[in-house]
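Colleague: I would like a close look at a single part of this model. Please keep to what was computed.

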Amino acid sequence: MNFTDRPRRLRRDGIRELVSETTLRANDLIAPVFVDATTDERVEIESMPGHERVPIAESVARVEEVLETGVEAVMLFGIPESKDERGSRAWAEDGVVQEATRRITAETDATVITDVCLCEYTDHGHCGIVEDRAADDPRLTVKNDETLELLRKVSVSHAEAGAEMVAPSSMTDGMVEAIRTGLDEAGFSDVPIMSYAAKYESAFYGPFRDAADGAPAFGDRRHYQMDPANVREAMREVELDVEQGADVLMVKPALPYLDIVRDIREEYDHPVAAYNVSGEYAMLHAASENGWLDLRETALESLLSIKRAGADLILTYFAEDIADELA
Ligand code: PBG
């Protein structure tokens, strides 16, 4: 036996850490927070153990809990008190996200990022204005260009409330340009856009749709979110968002799409974000509740894999649970 190269030499404790290639820091993580205008109490989200919808009055307390763990950024999602066809509560000055953003930025040091979409605000649950067709008409789709104006209004209203970054998630063509122009005209040229650039039509969003009450009332999102079969298309989506001025490029979901994360990392110099979505969280919880997996270890390994694939930042429901283990 005469090996000269024995990789195991570097795997002993003490050496192993020195040669570790990937690190996960609490600062890389963004914790999603749900603010609910329909409740006066915190409500547990059954399919996402440990997560709650909190009333506006509790939004500061909720974010303080996040900050205590070492995580410094939150992504706010809102559940409005009422919904309508156009989702008008999404850009209301006294809307749920606007109100929570004002309080959180005034009273904490958290970095507040807001999800910009209409599906939680429209009575039909789609991410924009829908065409005037029967609900079961297969041609029914979201009116792309008319939705842009609404997304612009939502983004400006979030920036006015103090949001430090906006994250459009509707997969509307042209959304980044519309929002960039809107923000610039309103005097917010320094507010960055984290675009959900490659967002797939994924079955892993199930628990979120319960949490945010944003499931489509009819049809599905496959005519605007991406086909899981496609990778070249993701690169086109990203290219368009870059041309339109996106500052951070997001891939969503994360674990089933690490090839996309890697491809974007290699092609672009922009920061890449990955959204470790509700289903990715729920499945580890379900397995660990059955005693089949160790929750903490699998969560850490998942997040490390997402970083190793090339993500700089990760949106994850595990943020608070694992932050204490991180530098
Ligand atoms: C809104 C939005 C969704 C998620 C984030 N923003 C739902 C969807 O597109 O159906 C999903 C997040 C998750 O599953 O954790 N458009």
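Which residues does Met75 touch, not counting residues up to four places away in sequence?

Modeller: This is a predicted model, in which local features need pLDDT of at least 70, side-chain atom pairs count only at pLDDT 80 or more, and totals for chains, interfaces and linings use all residues. Residues are numbered from 1 along each chain as its sequence is written, and side-chain values use heavy atoms, with hydrogens and water left out. With contact meaning heavy atoms within 4.5 Å, and residues up to four places away in sequence not counted, Met75 touches Ile30, Ala31, Pro32, Val33, Ile113, Thr114, Asp115, Ala167, Met194, Tyr196, Met250 and Leu315. Met75 also belongs to the largest nonpolar core, which has 99 residues. Such a core is a set of buried Ala, Val, Leu, Ile, Met, Phe, Trp, Tyr and Cys residues joined through side-chain atoms within 4.5 Å; buried means under 20% relative accessible area, with a 1.4 Å probe and protein chains only. The residues with the most contacts inside this core are Met75, Phe34, Leu183, Met194 and Ile264. Another core, of seven residues, lies apart from it, and Cys127, Val130, Leu140 and Val142 are among its members. As for the ligand, one of its oxygen atoms is 2.6 Å from an N or O atom in the side chain of Arg209. Another such distance, 3.1 Å, involves the side chain of Arg221.

Technical notes. Buried means under 20% relative accessible area, exposed over 50%, partly exposed in between (1.4 Å probe, protein chains only). A polar contact is a pair of N or O atoms within 3.5 Å; within protein, one must be able to donate a hydrogen and the other to accept it, and residues adjacent in sequence count only if both atoms are side-chain atoms.
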